[in-house]
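Have the viewer open and follow along as we go.

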Amino acid sequence: MTITPPSPAQPSSQVFEYAPAPESRSIVDIAPSYGLFVDGEFVDGSGEAMKTVNPATEEVLSEVAVGTEADVDRAVRAARRAFTRVWGPMRPADRGKYLFRIARLLQERAREFAVLESLDNGKPIRESRDVDVPLAAAHFFYHAGWADKLEHAGLGPAPRPLGVAGQVIPWNFPLLMLAWKVAPALATGNTVVLKPAETTPLTALLFAEVCRQADLPPGVVNIVTGAGDTGRAVVEHDDVDKVAFTGSTEVGRSIARAVAGTRKKLTLELGGKAANIVFDDAPIDQAVEGIVQGIFFNQGHVCCAGSRLLVQENVHDEVIASLQRRIGTLRVGDPLDKNTDLGAINSAEQLARVRELSDIGEAEGATRWQPDCQLPDRGFWFPPTVFTGVSPAHRIARDEVFGPVLSVLTFRTPDEAVAKANNSTYGLSAGIWSEKGSRILAIADRLRAGVVWANTFNQFDPTSPFGGYKQSGYGREGGRHGLAAYLSTGDEQ
Amino acid sequence: MIGGERLAVRKTYKLYLGGAFPRSESGRTYEVHDAKGAFLANAARASRKDARDAVVAARGAFPKWSGATAYNRGQVLYRVAEVMEGRHAQFCEEVAAGEGLSAGRARAAVDAAIDRWVWYAGWTDKLAAVLGSANPVAGPYFDFSLPEPTGVVAVLAPQRSSLLGLVSVLAPVLAGGNTAVVVTSRERPLPAVTLGEVLATSDVPGGVVNLLTGDAAELGPWLAEHDDVDAIDLTGAPPERAMEFEREAAGSIKRVLRPPAAEPDWSGDPGLGRMRTFLETKTVWHPKGF
Amino acid sequence: MTHVLDPHALTAETPPRREPPTPFADVTRSESAFRAFLHGLPGVDQVGAQSRVAVLGTRSIKTTSKAWAIDTAISMVDLTTLEGADTPGKVRSLAAKARRPDPTDPGCPPVAAVCVYGDLAGIAKEALAGTGINVAAVATAFPSGRASRAVKLADVRDAVANGADEIDMVIDRGAFLSGRYLDVFDEIVAVKEACGEAHLKVILETGELVTLDAVRRASWLAMLAGGDFIKTSTGKISPAATLPVCLVMMEAVRDFRAATGRQVGVKPAGGIRTTKDAVKHLVLVNETAGPDWLTPDWFRIGASSLLNDLLLQRQKLRTGHYSGPDHVSVD
């Protein structure tokens, strides 16, 4: 026997390329067209149907019905009927059981939901699979348990449902936002007319199928797809008792105007411009991860994104160098590839806005940095972007970009950090990075923001109330606090 | 005057703003009459600029008041009750005259108003326990939620119940740590003016409460539109204008407490609703690791 | 207490304290300066580190990249036997496996080194002659490190004399945990000196250090003292190599090279049993310190049973069907 000389390992200079690892899209079955889900049936919409596209390829995925005022009226009437005849009188424990069923079905069909979400929204499958869908199921699971325990929620001895909830949700977390809205509404005994976002209706329609699979009584959940006009019809319908909206502050304002003078209870979850504050004693490597997670999670299409990095001046260079090195490892591309970190921008319109604000940032004198990264030829793409030398007066320090664009500002003292962090009309979230416990608690106290992540960022949980201060909206979603949005406590006045 | 009764020293009724008692910058006053139409006094008629100044004062007072310990705020509110007690007779007279109540019913209203301060004084250091929570998130994090004051709250006080109604809408705002700009009952402002004097001589820091006598219909829109007002209570808004004020408040996403269909009987158990309306929930996450 | 060997003999034997590389030359000037330096390193948030490795663990390595990763992992293995029952026969059989991990496939790369106790280094050396595979010997009163310094140094010299190309020493965890950082430093310097030409891997025994802050400090201490590699564990203490520990160590070598220009290798050892574990480590290396570390010169995996799993996975990729334990050798 001769010993063959061992073959050397691959040349050491070879980069560890990850071969494409696409999630199979064959698991989803997208129909060529979809109707509205009203009173337990899929029905035609009266408006001219709209197309929904895959933002990563611009491929048309399906045609989706557009609900008109008349369609919304039918949906609200179905919801009212279901509220008075079925869902309202039902034993609370049974309502809970329906929610448990839905939670389980979401878990069972998780892959299908994840793939469909990534197709329609452009977000990486890693996120839809590991964040959106499991959290959506968790929301139903959590709220299911509340259904027969509401008298223990600290909202008075006999809180009552409001009736019909009209809900309008955004495109950044289509299924998860649906869950944030529908789960508490149903658990508290309300029925629902939900309008998904124009560009991301598909998972809501798959959810409608889940409702049917769960034998949820007809009319308890109605889904009316469409654009702004459809949403307006939902919000303005006279027989809606409760309006819940997540989206831009601008639309939030107009909704608040529209419900003025009515009996409708309103909760708003609007924009943000979160400060992510990094002190010089921060756990730097985790802070850098937190900055990345804060602004590049879901392509920065996150209302609570940490879009303003406030870094202590004495560690600025070190943090930025680490951050740039880390951003260099982000994998941008096919949302269905399991190794993709950053997917597509959701729409041409949003891409135009991200581009516009970035150009303004440069024009106003901030320095733009982007890693070398190859973007696909088709679809809507924007590379991860960092602006340094941003001053609080710059528009990229004040306006919500809602994209993968980070603005870096500096501070010297904790007081300055707090003052700059609070210098915003928004107040949704904030981050603090420091190893000093007393400092974290003191800063957290002084930040005017509804969610403060200390040494972490962009964490969500159904048990944890989420919502804003100031012009980021009012009302909370999640936890015991979230129930209040859908209940009448009797001591409102 | 020769002999006879002593000539009374009449009081000039002013605004209570930033801890001081200025006249309206506009110089305007209006006549206040009792329930039977007899002249009682000239009150300052606050202008939009007074409202603006009041918002500045309230904003300035917010960090200290909201940053005070709950125990301290409770003591300060209790002190208000103590000082009011010393002016019990004066309040009774003013309430009786303004609201046309019998002495007995006026006394009951004043008693209830003082007791309401005591009730809310006792709430300050319980709110966080009752409205807050530790949230059992599915991960290695300590996660808690606490109520925090919304900020500067504009209060259009009830038009009928000039003291008990006023205290019932003001105290819950303060108990949560907010500062307030109050437009008093237009026709019945005198107990509010006296309350201002009580506040000034108790331990409530200047600017925490600003009392504007005048017309909610005139000041309401300015406060509703004001970008630096975080919330508005429309209880005393003219019913036909409330919707308009609510619309204007939407511009800066204010928290709005809509007016009741009719002014309620303020003697009932207030519940937590009013305090909850003017509280935000802050949720804080922190990892748990070695 | 009687010592046959003077426990303080070191002072007589060791040259004046070696300076760490620039720009850290002065950090060892005193116990307090060194402590201030090590405690001034950025903290590590354990939960953050765990969630980072959890995300890296979701990387999906398929087809060609998987084949590359398996071969690379095989070439990085320090094939190890560290049992009281070890014999020359066992070591020879391990050496044969090291040269030809998969006898059915000449394309399979050899491992990086065979790792044994010092007294068997000579046997391993002989069995591996001419292969380019290194002999690594554990020394310094492995695994506890509880012996006088003279004994430890003698242990090192003996292993080197027996032909070890690499010495895997253990740090004095007792000294480290009680804050006597300069003692630990001096000992590594002395061991390095005793190694002569042999490469020095410094075992931190992270399972006994417990916190990631301590892992970062110990990593820096070992690098400043001149270690060529930092290694997680002896394999005798649980937990041995974990991904968060490896993450912190990769960050340390990355930052150390950026500051000093000197590259230090990393060796997780113990607990890496499956191809999946090994690939996760390679992904972690790739995305933390970068591809410069993705060679056997700079990254090793201390393992015994891992190799067979790598071979089974390799066969599966090559043949397209699943293999079984009878198709790899039992050592």
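How many residues does the contact take from chain A and from chain B? It takes 40 residues from chain A and 32 residues from chain B, where two residues are in contact if their C-beta atoms, placed from the backbone, lie within 7 Å. Before going further, a word on the ground rules: this is a predicted model, in which local features need pLDDT of at least 70 and side-chain atom pairs count only at pLDDT 80 or more, while totals for chains, interfaces and linings use all residues. Residues are numbered from 1 along each chain as its sequence is written, and chains are lettered from A and ligands numbered from 1 in the order in which they are written.

Let's take chain A as a whole. Chain A has 15 helices and 22 strands; these are DSSP runs numbered from the N terminus, helices being H or I with at least four residues and strands E with at least two. Along the principal axes, its C-alpha atoms fill a box of roughly 75 × 70 × 50 Å. A compact globule of 493 residues would have a radius of gyration near 23 Å, and chain A agrees with its 23 Å (taken over C-alpha atoms; the globule rule is 2.2 Å times the number of residues to the power 0.38). Of the 493 residues in chain A, 61% are buried, that is, 20 or more other C-beta atoms lie within 10 Å of their own, with C-beta atoms placed from the backbone.

Three bridges join β19(A) to strand β10 (residues 279–287) of chain B, and the two run parallel; strands pair if DSSP finds at least two bridges between them. Within this pairing, A:W453 stands opposite B:W285 in β10(B).

Chain A also touches chain C, in a contact that takes 33 residues from chain C and 28 residues from chain A. On the chain C side, α4(C) gives the most, with seven residues.

Finally, step into chain B and find helix α7 (residues 190–201), whose twelve residues reach 17 Å from first C-alpha to last, close to the 16 Å expected (1.5 Å times one less than the number of residues). Nine of the twelve residues of α7(B) are buried, among them B:L190, B:P191 and B:G196. What covers these buried residues includes β1 (29–33), α2 (70–86) and β7 (209–212) of chain B.
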